[in-house]
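Where does a protein leave open space, and what lines it? Look at the model below with that in mind.

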Amino acid sequence: MRSGFVAVAAVAAAVQFTPAAALAQGSLNLICSADVVICELLENRFEKETGIDVNMVRMSSGEAYAKVRAEARNPKTDVWWAGTGDPHLQAASEGLTLEYKSPRLPELQTWAVKQAESADYRTVGVYAGALGWGYNADILAKKGLKEPQCWADLLDPGFKGEIQVANPNSSGTAYTALATLVQIMGEEKAFDYLKKLNANVSQYTKSGSAPVKAAARGETTVGIVFMHDAVAQAVEGFPVKVVAPCEGTGYEIGSMSIVKGARNLDNAKKWYDWVLSPEVQSQMKEAKSFQLPSNKNAEVPPEAPKFEDVRLIDYDFKTYGDPEKRKALLQRWDREIGTLAN
């Protein structure tokens, strides 16, 4: 009896003096639709600060939406963090995500709050970034090509086989580009443009940031991406120059959603509130993340492209986040562009 009492007392003492963050606090199943470096930074810090075991999978926003939709009857995901807002809005409109009003909402930028309001608080803005491209200045000079400053410049025959952009079915970045061109040009002219652009595209990648990474490595000349992804390559020392299109461009509101039927709902809310805090959003630059943070009190990296320096269109998130509109545009892209790429 005495030995059993001592053993129990020893365990109790060990628990008493174990740091709170080290105690098992359950788990969290997370989809992260940002760059893997950012995903891992947040995963590790959240685990360290909370003791919650994070099961993280990295997916593009298009893939993440498809997974959440496919698992609707038996959800295996608790939180979907990051990725363009359009698929988050689509998931919200289909009832795949849960209404949650974080106590952090009053701290957020107007655009982040509007994103939440438009989805009945089934998603929220976590960062923002403008669409553009990055080009490899060394390759451009070597090939004697003119700097592409406008969407129209990308149709120059000199860029044949020198451009990469993602597939809008798997990439929220590419869907934003598709929706942006439709809003700038009108649907018919936008698809005429995309057919002409296809002649210059060497590859439609799965991931939205992959094209500019290929440009940084010298595998292509131009990558159509969000500007902050191009900035990240330039900061790493690659000869990447960042461009905001002269005709105007769209932008993303990277978003976050709690999945309806989340098995670890309390931990999902903890993540939600934690990642909206200014302290966490100010750390993003450590992972070479140069988006504009949604918390007004977060530190903005000096390298981050500022909205006031970019000719932004009045991007219609409601229309182009609508499931039927999105489906129709993607089907048309498959018919008229995707078939050309095969």
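The second largest pocket holds about 270 Å³ of space. This is a predicted model. Helix H3 (61–70) and helix H14 (323–341) are the elements that each give two or more residues to the lining of this pocket. H14 gives the most, with 7 residues. In total, 14 residues line the second largest pocket. Nearest its centre lie Tyr65, Gln90, Arg326, Lys327 and Leu330.

Domain 1 (27–128 + 253–304) supplies at least three residues to the second largest pocket, and so does domain 2 (129–250 + 326–340).

Now turn to the largest pocket. Its volume is about 340 Å³. The lining has 19 residues, and Leu89, Ser118, Ala119, Phe317 and Lys318 are the closest to the centre. Which elements each supply at least two residues of this lining? They are helix H4 (85–93), helix H5 (110–118), strand E9 (251–258) and helix H13 (317–320).

The table sets out the two linings by residue class.

| Pocket | Nonpolar | Polar | Charged |
|---|---|---|---|
| Largest pocket | 9 nonpolar residues | 5 polar residues | 5 charged residues |
| Second largest pocket | 4 nonpolar residues | 4 polar residues | 6 charged residues |

How is such space found? Rolling a probe the size of a water molecule over the atoms shows where empty space is left.

Technical notes: Residues are numbered from 1 along each chain as its sequence is written. This is a predicted model: local features need pLDDT of at least 70, side-chain atom pairs count only at pLDDT 80 or more; totals for chains, interfaces and linings use all residues. Side-chain values use heavy atoms; hydrogens and water are left out. On a 1 Å grid over the protein atoms alone, a cavity is a set of points where a 1.4 Å probe fits but cannot get out, and a pocket is an open set with protein on both sides within 12 Å along at least five of seven lines; lining residues have an atom within 4 Å of a point. Grid points are joined across faces, edges and corners, and a volume is the space filled by probe spheres set on the points. Helices (H or I, at least four residues) and strands (E, at least two) are DSSP runs, numbered from the N terminus. Ala, Val, Leu, Ile, Met, Phe, Trp, Tyr, Cys and Pro count as nonpolar, Asp, Glu, Lys and Arg as charged, and the others, Gly among them, as polar. Domain bounds come from an automatic or database domain assignment.
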